[in-house]
Amino acid sequence: MQNVKIVITGPFAAGKTEFIRSISEINVVSTERRISDNSRVVKEETTVAMDFGRITIDQDLVLYLFGTPGQKRFDFMWEILSEGMLGFVLMVDSTKSETFREARQILDVFKKYAGVPYVVAANKQDLPDAWSPEDLRIALRINSDVKVLPCVARDKESVKHVLLELLYTILESLEEGVS
């Protein structure tokens with residue numbers, strides 16, 4: 001059996017926890033705690049260490065999903081969580097352009113941790129003020145060979161699509177490495 005570690009990262013309140021909860025076949029191990037600073041106006045709780053979920057693709061492949069905390073003060077967890085990952089998803093709230101710069105910075109940090117494949121999930125595409133994936137690509141300065149995918153983290157099918165695209169990207173990368 002092949003176990004694949006995938007990291008879900010992105011700015012605070014981008015939808016990482018919801019993404020994992022939507023698709024995990026086990027109860028998500030979560031480290032949500034009440035927010036005690038000014039971020040409380042955005043949401044009541046935040047991830048302080050990690051979220052963890054699992055998906056069995058088939059009898060030979062299991063995905064382990066690790067969600068990072070989004071608040072900068074917990075960024076020491078990012079490198080720990082990235083160890084051994086085969087790919088990652090950069091989750092971006094496409095309705096909050098004020099978080100795009102932070103999303104780009106997080107992307108640059110994770111690219112330094114490991115030269116692994118990644119995709120960008122343009123979350124909240126169900127909302128009318130969401131930036132399109134192509135506009136998001138331009139705003140984040142994402143290369144054309146990287147997939148920027150529409151996503152609604154609450155929707156299991158949408159999350160499945162993002163993860164499958166990441167898996168295809170990982171497989172392509174592995175095949176290129178073999179040849």
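The structure is a predicted model.

**Salt bridges**

- Arg-104 counts as buried because its relative accessibility is 13%, under the 20% cut-off. Asp-108, at 27%, counts as partly exposed.
- Arg-154 and Asp-126 meet through their side chains in a salt bridge of 2.5 Å, N to O. This pair links distant parts of the chain, 28 residues apart: Arg-154 is in the loop between strand S7 (148-150) and H5, and Asp-126 is in the loop between strand S6 (118-123) and helix H4 (133-140). Arg-154 is exposed at 57% relative accessible area, while Asp-126 is partly exposed at 38%.
- Glu-165 pairs with Lys-147 in a salt bridge, with the closest N and O atoms 2.8 Å apart. Glu-165 belongs to helix H5 and Lys-147 to the loop between H4 and S7, so the bridge ties together parts 18 residues apart in sequence. Glu-165 is buried at 16% relative accessible area; Lys-147 is partly exposed at 24%.

**Helix H1**

- Helix H1 (residues 16-23) is largely enclosed by the rest of the structure, because 6 of its 8 residues are buried. The buried residues are Lys-16, Thr-17, Phe-19, Ile-20, Ser-22 and Ile-23.

**Nonpolar surface patch**

- Tyr-168, Leu-171 and Leu-174 make a nonpolar surface patch of about 300 Å². Leu-174 lies in helix H5 (residues 156-178) and is partly exposed at 49% relative accessibility.

Definitions and conventions:
Residues numbered from 1 in each chain as written. Predicted model: local features only at pLDDT ≥ 70, side-chain atom pairs only at ≥ 80, totals over all residues. Heavy atoms only, no water. Patch = residues over 30% accessible without salt bridge, like charges linked within 9 Å, V, L, I, M, F, W, Y side chains within 5 Å. Areas by Shrake-Rupley, 256 points an atom, 1.4 Å probe, with all protein chains shown as cover. Salt bridge = Lys/Arg side-chain N within 4 Å of Asp/Glu carboxyl O. Helix = DSSP H or I, 4+ residues; strand = E, 2+ residues; numbered from the N terminus. Buried < 20%, exposed > 50% of the residue type's maximum accessible area, 1.4 Å probe, protein only.
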